[in-house]
Each structure stands twice: as structure tokens, then as C-alpha cells.
Amino acid sequence: MVEIFGMLLNGFSTALSFENILAAMIGAAVGIIIGAIPGLGSVTGVALLLPLTFSLEPVTGIIMLAGIYYGGMYGGSYSAILINIPGDSPAVTTALDGYAMAKKGKAGKALFAANLSSFIGGTIGIIILTFMGPLLAQIGLAFGPAEIAVLILLALCSVGWLLGDSPRKGIVTTMIGILLATIGVDLVSGSERFTFGSENLLSGLSFIPLVIGMFGFSQILEMISEKIKTDDIGDKVTLKESLLDGQELKSVIPASIRSGVLGNFVGILPGAGATTGSLLSYIFEKRVGKNKKEMGKGAIEGVSASESANNAAAVGSFAPLLSLGIPGSGTSAVLLGGLMMWGLQPGPLLFQQNPEFVWGLISSMYVGNLITVIAAILIIPFLMKIIRIPTSIMIPVITVICFVGAYSFQNSMFDVWIMIATGIIAFYLKSHDYPIAPLLLSFVLTPRLEQAARQALNLSDGSLGIFASSPISITLLLLIVLFIMSPLVMKLFKKKQAVKEDPIAS
Amino acid sequence: MLKFNKIGLSIGLACTLAFSLAGCGGNQTAGTGTKEKEASAESGYSLGKNVEFVVPYSAGGGSDTNARTIAKIIKEEGLIKENILVVNKEGGSGAVGNTYTHSKKGSPSTISTFVSGQISSAVMSNAKIQLEDLTPLGTLALESFVLLVDGDSEYKTFEDFVKAAKDNPGKISVGGTGLGGEDHMVYHLTNREASIETKFVTFQGGGETLSALMGGHIDAFFSNPSEVMAQIEAGELRALATASPDKLGEPLNEIPTFKELGYDIEFQQFRGIAGPPDMPEEAVAYWENVFKGVSESEEWQNNYIEKFSLEPTYMNAEESKAFFEKSETLYKELLTELDLIK
Amino acid sequence: MDRMISVFIILFGGYWAFKGWTEYGFWIDKTPGSGFLPVIIGIATMLLATLGLLKNNPPVFRIEKKNFVPVIGALLMVASISVFGMIISILLFLVLWLLIVEKFTIKRASILGLSTTLVIYLIFDMVLKVPFPTGIIGF
């Protein structure tokens, strides 16, 4: 313990040098901006600045890249809250409550809560990484194909109940998402599925055009008839008014802490990812939080839970990267490439062979997270101006953003077509109360689930017993049963209570 | 009018952001321009456009590292004056990237990393774009495969492994990154030559396979030495044998080759470069020159070849073409045996 | 409309299940094949969507013809991109939209259109180097 503090202190002396603070600032700013642009995520940002960082000292370079990574996580929530287009997949759950809050004229508070929760989640993640990173990464290895499959199944099972008034419709859209996810070359067998002979579909539908179409473009179609009078709301909103009051802080902080811890752990697991993390935290909050009824309709806890979790998960993926040399996410895979080019071999020996580097990086995360949250909060008043742009101008501008965002993801017009088509489909589905978020979430989670399940069955020679062969997977299976059963039990319980209370009431 | 001002403001803000971003981009070009003049003096030919360096696999993988190292060396050595943008076009086991490169027909400024997997997957899926549809430009390195088990595994030597596999046919699981990939082919070759039967489990990428092995969920897997060196050095993983013709460089020089152990297993992956079809002849010559420069640079020898335990190689466009075609024939044989060709 | 949507979903699920069963293989050599997930989920989707046929719920919001104006705009933009390229198409789309749909004055529409296009050009084309499709003007 004392040793860790010493190392950390040493690290701070590296992290607090002028150029490293500057690097963190540039990284954070670029990350926030790129993360906020629909279609571009931190992977693009990191890949974009990677060549630039080669002229820097390794530690300065990686600090800048890490800044982009968590800056991107902050930025991803802005477009989700302001124009209902999640910048990346973990921000889908942010959009649920964030955009609902913005519609109620509480965009400022939503943005502030998102930033604050991102900061809390990030900090929790970094603290855990500092003291238990290598240990947790080792524990994460216990999650094999069977455990990962059950974990994702747990997330997937609860998706359908997430939203909307009709659970049936929620489950239907969840399953549509699963079916859409099977398009493309099947990794396990190598055969093509549902590609309709198109090479564009070999790698499957991409999430980005899908989310831009289903959230953004369908939103445009809806806005035409809504003509929200945005001019009235928020005219006087200042940074001061978007600050949270005591009551709201009381909701935000506990939700952020719970979700941060959970999100971080999921982020450490091999290949589970930030989306699983933020979704599970969101659902957890919907089950245990004080404000569960409002979740999905503009609850501040919803924004907190998913933002805190996805930042914590982003930090979590550094644990297996630094201590085992295993990249846990797309972005950390790019970082791994970067590290290797600086001549660093991430792996079990990195902590011993390059302690200045590792501890410099970890210390810089504390500094960088603080810098990012300050930058992010200062941007709020400017972001508020977007909300005040009248709908008449927003509609064509968002349409163009949808276009450019869908195109830029892979420089492909095919994705633009996908964006338009899925936008129209989502518009019809929404008009009959089919929730869209479950579709997108299951779309993201399915490939991992399918692969992990088939790996597990391959290992067990087809025996289903493998899914209940370890304490971890048994616990997770029990949780699934609990998750599915609990709404039913709650209903029964409530009915009984209602019967009991009735005589008193009358 | 009041509204209008606000819009102006937000647009103004966006502009400022854009310019500050442009500032960052600016540094990027400024830092690399040092040796521009030398480069254009060396060769009369000029691309005139920024180079798009296609990587048909995801960021962080072997091809990606390879491309980024090459791009870095080209810049540092001032081999070309244009900027190089590495783009990842992953998917379809390389088919998406191949198709993309192919679509840039006649372009002198599009190049792509080209590895064995792109040939084998094209053969296997009967893809529209085959080796003959692209222009080989050069081969820069050969990379072998090592058979790995966990550091605590009961298999101390390859003999232990073979014995266990013979005792429990079809029970030992070997992880891999896709059917018909190089690791699958060397897996098949090993099974065939050692007359054993094991189980192949596919994962998404080396990282996940590594987690599964270290977590004890699978028994073994084949990997390029570069991706697991740190873990081998730390004793977390044990390499039983290498499929290279000769022993690997330090610090992996203790690993026996399959040949030494008496098995006729030799399999090497190549790392080459290809361009779109109908690339102008001057452009091919231009790139040959560039890659020769890369392969001769100290940086390449020290920080890539040696660091990743590769076999240093340089083949020009013509030699590469012949070499790729020879590999294609071998892959067809192995894949036919695996019953993977459609 | 509610029933129509259910019918479409049934067809969608059915197609996936059918292809999964006949072409991709449900269960191969003791392990699930490529068709495993499509078949199971496809059938479940069909069943749940069939339940939806029982009732014909009114829509949450009414769909009118004007809702599809953006679709027409988007399609025109796709057509325009192949002729004029991305940047000019964005400009045309914005200006024409503001003039025709929102009845802005020419001055306001062009200032807004130009400035937005400029910002997009700067960010995506100049900084991020996204290779936008170019048109006959070569821009």
C-alpha cells in the first residue's frame, strides 16, 4: 500500500510537468469534440492523433491518447442529450433520460449531471485501477466464454423491460436487434449470413449508421409535426442554473458511485465492453434506485448511471491492457498498437520494467480526468446555445449531420442508405410505441453473446452444463432468473398490498 | 434578428473549435516536413496526393502495427513527402479491405497491407477479389507461429502435448482467430504431421484468445511470437515449439523448432504490401524504392524485425508476386483438406 | 397500421428463421451452427408479433404526409451527391430547405447555409480528411 502511494507520488511528478498537462488538455479537448460529433468516436480520435504523438515522449503521447479516450466518453453524451443522437454505443442509455430532460427544458442540468457523473465514474475507475488493477485483471480472466455469455445474456434479458409501456413490444424490438446483428460473415463458421449478395454487408450492418438513422433521422421525421417551441425554453439558462441543487446532487452522487463500481468491473472483463457496463448499471439503477419509475422519462439518475458506468468501464479496460497486455476494447487495442511502437511491451512485466511509465500514466489519469471535467463544464453554456436554435433551422442542420456522420464512419454511401432506411423503419416502429433503444442495445451485445455461447458449447462438446459449471456463471444465472422474475413478483406483491390497503383507504 | 445572432454565435463557436482542431492537424504536417526535399530529389515521380494506407484488419492487430510502423518510418526517413493516413477497413476476414483497395483501380496513392490471411480467406470464400486482382508491391517480413500453453500447464514439451492429445482424441482445445486463418492452417498442419486430433475454438482476435488461454478456458493456441513475447518472458505463457525453419531471435531462442523435434511442420506468415489493380508502372517502381528504403532503415531492423522476432526479408514487386502465388497454392491444398473451400 | 407492423415483423422473423434452418444450419456436429440464433429468435419474434395481431392499437402520434418531407430531401441529396459531390449538395440542401420548407428570405437562407457548410467542410474535410465524394466540379 505504502509502496503504491510512493509510486503514485513519483508518477505525479511526471504527470504534472508542463508538457504532460498540456498533452492531457489537448487530448481532452479533441476527445470531447470528436466524441460529440455523431459518427466519430474515440477510436477515430486516437487513431487520428496516434501518428502525431510519435514525435513526443512515450509517456506524454500516451497521456494525450488517454485524454482523447475519456474526453470522447464525455463528448459522446452531449449529442445524445442535445439532439438525441448517441455519439457511441454506451451513450444509448444516456440518450433515454438525457434527451427527455432536454425536452423538458432541463438540458443544462442533464449536461451537468452527465459531466459530474462521468467525473465520478472515471475517478472511481482510476482509484480501483491504482490499487487493484492487476489483481482485478487476473480475476477477470476467470470469465471464460461461458461466463461472458451468461453475463451478456443477463444484460440482454433485461433490455426488453427497459422502456415503453408494453413489455411485449420491448422484447420484439430487442429480438429484431438480435436478428439484424446476425447479418454478415459468421465468425465461428466463416459462412455468410443474410448478406443478400452484397459485399457491403459482409462485415454486417454498422452500429453508427444504424444509431444515427434510428435515433437521429427518425427524430427529424417526428420533429416536423412536433415543431417544439424551443425558442421559449432555456432562453435564460446560464451555467448557474444548470448547476444541480442539493436534492439533485443527492440523487446523482449515490447513483454515480454504484454505477461507477459496477461499470468499472464490467470494463475490466475481457471483451464485455463499456456498452454492457453502462447498460447493466442503468438497469441496476432502475431496479434499486429511488427514482426507478421515472427512469427512461427524464430521470437525472438515468443520465448519471450510464455516464458514470461508461467512463468507469473505459478506465477499466486499461487494467488488462497494462497488466496483462490484453486490449479490452477497440480503443485500447489502438493504444496497445501505440505502446508497442514506442518500444513498450504491455504485459505482466510492464509494471516492473517501466514503472515510471505506468505510474506516470495512472497519475496522469487523475489529472486528466480533472482537466476534462473542467473543460466539459465550461463548454456547457456554449452547448446550451444549440438548444436555443429554433427547430426550423435544427431540422435541416441535423439532417445534414446525420448524412455526414453516417458517411464519415466508413466513408461509404451505403451507410447513408442504411441510415435513411433504418430511420424510416424506426419512425414507424416508434409511432406504435415500439421502443428503439432495446433494438440498438441488443444489436451491440448479440455478436459477443453468440460467439461466446458457441465457443462455450464447442468447448463442452455441446453440453449446456458448461453455462452452470462455475460459481460465477451460476451466480449470474440466478441473477437472470431474479431479473426476469422480479417484475412479476413485484406485481403480485403490489396487488396484495393494494388489497390490504384498500379497506383503509375506503 | 436576436435569434439570428445566437445562431451566429454557435456557428462561430463551432468554427473556433474547428480551427483549434485544424491547429493540431497542422502540427502533424509541420513535424514531418523536414526531409521533404531529399525525398523528391531521390525520385522524379511524385504521387501528388496523400497516401491512403489500407489495413484490412482492426486497429491494434498485427497488420495495424505493421502499417503504422511502416508509415512512421516512411515519414521519419522522408521517403515520401505526402502524408500517410492509415485507415482500418476491417471485416470479412480481409475481404472488405481487399474490395476497398480494388475499388481504387489505377490509383498510385492507395496501398494496403497484404498478409497470408487475405489470400487464404479470398480462396476460401471464393471472394470476388483474389490475389490476381491486386498488384503485389513488396514483402517486408516473414513471421512464424509458436504453439503456446499456459505457464502453469502440465504440458512442458510438445511431446507431452502430443501424448495428451493421443490419449484423449478431440478433447484438447486449441484457440484460434477464425476458420481458415493462418493459425487454423498451421493447427491443421500440426494435427496432420503429429497424427493427433484436437478441437479448434474460434475467438475474435488474439487478445481474446490470449485471455481465454491465460484464464484456463482453452488448452493451447498458435500465435505470432510478437503478440505474446511479453507474456512468455514473464512466464505467464510457455511456447512449446515454433513453426519457423530456424530458431527465433532473442529472447525466444530457447524455443525448439518443430523440425528439430522431428515433425515436418513449417509455416510462415508473410507481411507484404499490395496496391490496387492497374497501378501505373512508375508508381510500382516508386513504391518498390520506398519499401526497400524502409527495409534497409535501422529503425525497421531494430524496432520492428528484431523486436517482434521476425525474419528480415525484402522481396520486390515481381518476387513478391511469385511468392504470393506459391503461398496461394499451399493454402489451397491445406484448405481443401480442411474442407473449407466453397 | 399496428397490425401491418406486426405482419411485417412476422415476415421478417420468418425469413430469418427459414434461411437459418434451410441454409445456415441449426446444429452441426454437437455444436450450434450459424443458423442457431436466427432460427430461435426468428421463431420467437414471429410468435410475439402474432400476439400483436390481436389488437389494433392507435398510433402514439399521427403520421402525416409532411413527416416524409425530410425523406424526400434526403433522397434528393443522395441523387445530388453523385452529380455535385458532398459539399455542394449539403449547401444546396440547406439553402433550398430553408427557402422552400421554412420560407426564409434568400439572404438568411444563404448565410445560414453557407456558414453551416463551411463548418462541416472545415471539420470533416480539412481536419479529419474524410474523403467526401466529389462531383463534376471536382470539389
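In chain B, the centres of domain 1 and domain 2, taken over C-alpha atoms, are separated by 27 Å. The structure described here is a predicted model. The domain assignment of chain B places residues 45-143 together with 269-337 in domain 1, and residues 146-266 in domain 2. Where the two domains of chain B meet, 17 residues come from domain 1 of chain B and 16 residues from domain 2 of chain B. On the side of domain 1 of chain B that touches domain 2 of chain B, at least two residues each are supplied by α5 (116-125) and α12 (317-337) of chain B. The largest share of that side, five residues, comes from α5(B). Sorted by class, the side of domain 1 of chain B that touches domain 2 of chain B holds five nonpolar, nine polar and three charged residues.

The helices α5(B) and α12(B) also pack against each other. Two packed helices are described by the angle between their axes and the distance between the axes. For α5(B) and α12(B), the angle is about 50 degrees and the axes are 9 Å apart. The two helices α5(B) and α12(B) are therefore oblique to each other. In passing α12(B), α5(B) makes a right-handed crossing. From α5(B), the contact draws on B:Ser116, B:Ile119, B:Ser120, B:Val123 and B:Met124, while α12(B) contributes B:Phe324, B:Ser327, B:Glu328, B:Tyr331, B:Lys332 and B:Leu335. The residues of this contact of α5(B) with α12(B) comprise six nonpolar, three polar and two charged.

Attention now turns to chain A. Its domain assignment gives domain 1 as residues 2-469 and domain 2 as residues 470-506. The contact between them involves 14 residues from domain 1 of chain A and 11 residues from domain 2 of chain A. On the side of domain 1 of chain A that touches domain 2 of chain A, there are 11 nonpolar, two polar and one charged residues.

Two helix pairs of chain A may be considered in turn. In one pair, helix α4 (residues 58-83) of chain A packs with helix α17 (residues 355-388) of chain A at an angle of about 30 degrees, the axes being 8 Å apart. It follows that α4(A) and α17(A) are roughly parallel to each other. The crossing in which α4(A) passes α17(A) is right-handed. Among the residues that make this contact are A:Ile62, A:Ala66, A:Tyr70 and A:Tyr74 of α4(A), together with A:Leu361, A:Met365, A:Thr372 and A:Ala376 of α17(A). By class, the residues of the contact of α4(A) with α17(A) are 16 nonpolar, seven polar and no charged.

In the other pair, helix α5 (residues 92-103) of chain A and helix α13 (residues 300-316) of chain A pack at an angle of about 150 degrees, with axes 8 Å apart. This angle makes α5(A) roughly antiparallel to α13(A). The crossing of α5(A) and α13(A) is left-handed. On the α5(A) side the residues are A:Thr93, A:Thr94, A:Leu96, A:Asp97, A:Gly98 and A:Met101, and they meet A:Ile300, A:Gly302, A:Val303, A:Ser306 and A:Glu307 in α13(A). The contact of α5(A) with α13(A) has four nonpolar, five polar and two charged residues.

In an unreviewed entry, UniProt lists residues 7-28, 34-54, 75-100 and 106-124 of chain C as "transmembrane region". For residues 7-28 of chain C, the end C-alpha atoms lie 31 Å apart, and the span is 82% helix and 9% strand. For residues 106-124 of chain C, the end C-alpha atoms lie 26 Å apart, and the span is 100% helix and 0% strand.

Chain C also touches chain A, in a contact that takes 52 residues from chain C and 44 residues from chain A. The elements of chain C that give two or more residues to its side of this contact are α1 (2-24), β2 (31-32), α2 (36-51), α3 (69-84), α4 (86-100) and α5 (106-127). Of these, α2(C) provides the largest share, nine residues. By class, the side of chain C that touches chain A has 35 nonpolar, 11 polar and six charged residues.

Terms used. Residues numbered from 1 in each chain as written. Chains lettered and ligands numbered in written order. Predicted model: local features only at pLDDT ≥ 70, side-chain atom pairs only at ≥ 80, totals over all residues. Contact = placed C-beta atoms within 7 Å. Helix = DSSP H or I, 4+ residues; strand = E, 2+ residues; numbered from the N terminus. Nonpolar A, V, L, I, M, F, W, Y, C, P; charged D, E, K, R; others polar. Domains from an automatic or database assignment. Axes fitted to C-alpha atoms, helices over the stretch in contact; angles between N-to-C directions. Parallel < 35°, antiparallel > 145°, perpendicular 65-115°, else oblique. Left-handed = near helix turned anticlockwise from the far one by under 90°. UniProt positions renumbered as here; feature names shortened; annotations may be inferred.
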